[in-house]
Amino acid sequence: MRLSWLFGSSMEAHHLLAAYVAVWLIQGGYAGWIAWQWVCAGKELQPDLSLNSSDDDDL
Amino acid sequence: MKRSHIYRTVGMVWFVLTVAAIVYATRLALVVAPTEATMGNVQRIFYYHVPTSMLSLLFPYVNFVASLFYLGWRRRDPLRAMAADAVAISAAEVTVVFSSLSLLTGMLWGRAAWGIWWTWDARLTSMLLLWLLYVSYLMLRKLSSTGQTQTLAAVLSVFAAVDVPIVFMSIRWWRTQHPAPVFFGGPDTGIDPSMRPAFGWNVLGWAMWGVFLLVFRYALERRRQEREQEAALKSIEGTLEIAQ
């Protein structure tokens with residue numbers, strides 16, 4: 001089945017395409033933001049670990 | 001096998017199945033489902049708009065129940081209360097995402113079908129109010145600097161949940177610009193059987209996606225809470241060492 005009508009010049013086609021693209025972009029963007037924060041929250045542990053090791057060296 | 005590895009594997013499998021379900025559901029909606037007689041192809045927004053709207057009325061209850069547990073546990077069992085709070089903030093964010101998309105897809109559909117982007121009818125206004133309430137909840141969480149932020153947010157979420165049945169019932173209580181209920185609206189309501197697979201798969205796919213977002217966001221919040229606890233403990237240890 002062809003989807004050429006989806007990329008037509010009518011307002012209906014534009015709005016249908018915009019609705020589907022908006023859903024994918026916003027949902028994907030939010031999931032991407034969580035993934036980014038997840039990685040950042042994991043990295044935040046690194047300085048703490050290095051701080052611990054330097055403390056141990058001092059001891 | 002470590003528990004974290006099991007969670008990660010389950011999460012990856014769930015994610016792959018969810019994306020596959022959404023891709024399949026989108027194909028059904030755009031290619032397989034018949035063109036609606038009155039509105040034409042723009043009616044296909046229905047397959048994204050309605051599942052998104054349904055889920056935006058479901059996640060507030062996750063936030064509501066988690067907030068009640070937080071309020072109940074905050075003095076007796078602070079560790080469990082923190083977990084409930086993590087569920088609450090995750091559900092609030094997912095609610096904002098789904099309700100934003102419900103409003104956006106509704107406006108795109110409304111402009112094409114009715115000729116207007118917006119009207120202050122009962123369904124649209126109560127949905128906008130729901131969105132504002134959960135945005136307020138997140139703003140409170142982000143900007144408040146008192147030690148009672150979680151408690152204030154939990155109380156706000158109890159009031160915000162009251163709007164959910166009003167949104168649901170608005171098209172039953174009042175005659176509005178928004179169409180009458182398609183489901184659970186009486187004997188003459190429902191969709192054509194040929195449209196059901198596309199609709200059903202979209203509900204399933206987006207519900208799976210919502211659960212994925214909720215669990216992933218919850219895991220992130222728990223990780224943040226652990227970091228904050230570690231930092232607080234280190235601070236206390238440092239203070240004790242200085243005192244000695």
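**View 1. Burial in chain B of the predicted model.** Of the 244 residues in chain B, 35% are buried. Buried means that 20 or more other C-beta atoms lie within 10 Å of the residue's own, exposed means 12 or fewer, and partly exposed falls in between, with C-beta atoms placed from the backbone. This is a predicted model: local features need pLDDT of at least 70, side-chain atom pairs count only at pLDDT 80 or more, and totals for chains, interfaces and linings use all residues. Residues are numbered from 1 along each chain as its sequence is written, while chains are lettered from A and ligands numbered from 1 in the order in which they are written.

**View 2. The fold of chain B.** Chain B holds seven helices and zero strands. Helices (H or I, at least four residues) and strands (E, at least two) are DSSP runs, numbered from the N terminus. The C-alpha trace of chain B spans about 80 × 45 × 30 Å along its principal axes.

**View 3. Confidence in chain B.** Mean pLDDT, the predictor's confidence in each residue from 0 to 100, is 92 for chain B. In chain B, 99% of residues reach 70 or more. The model scores ipTM 0.90 and pTM 0.88.

**View 4. Where chain A meets chain B.** Here 24 residues of chain A are in contact with 27 residues of chain B. Contact means C-beta atoms, placed from the backbone, within 7 Å. Helix α1 (residues 11–43) of chain A gives the largest share of the chain A side, 18 residues.

Definitions and conventions: Two residues are in contact if their C-beta atoms, placed from the backbone, lie within 7 Å.
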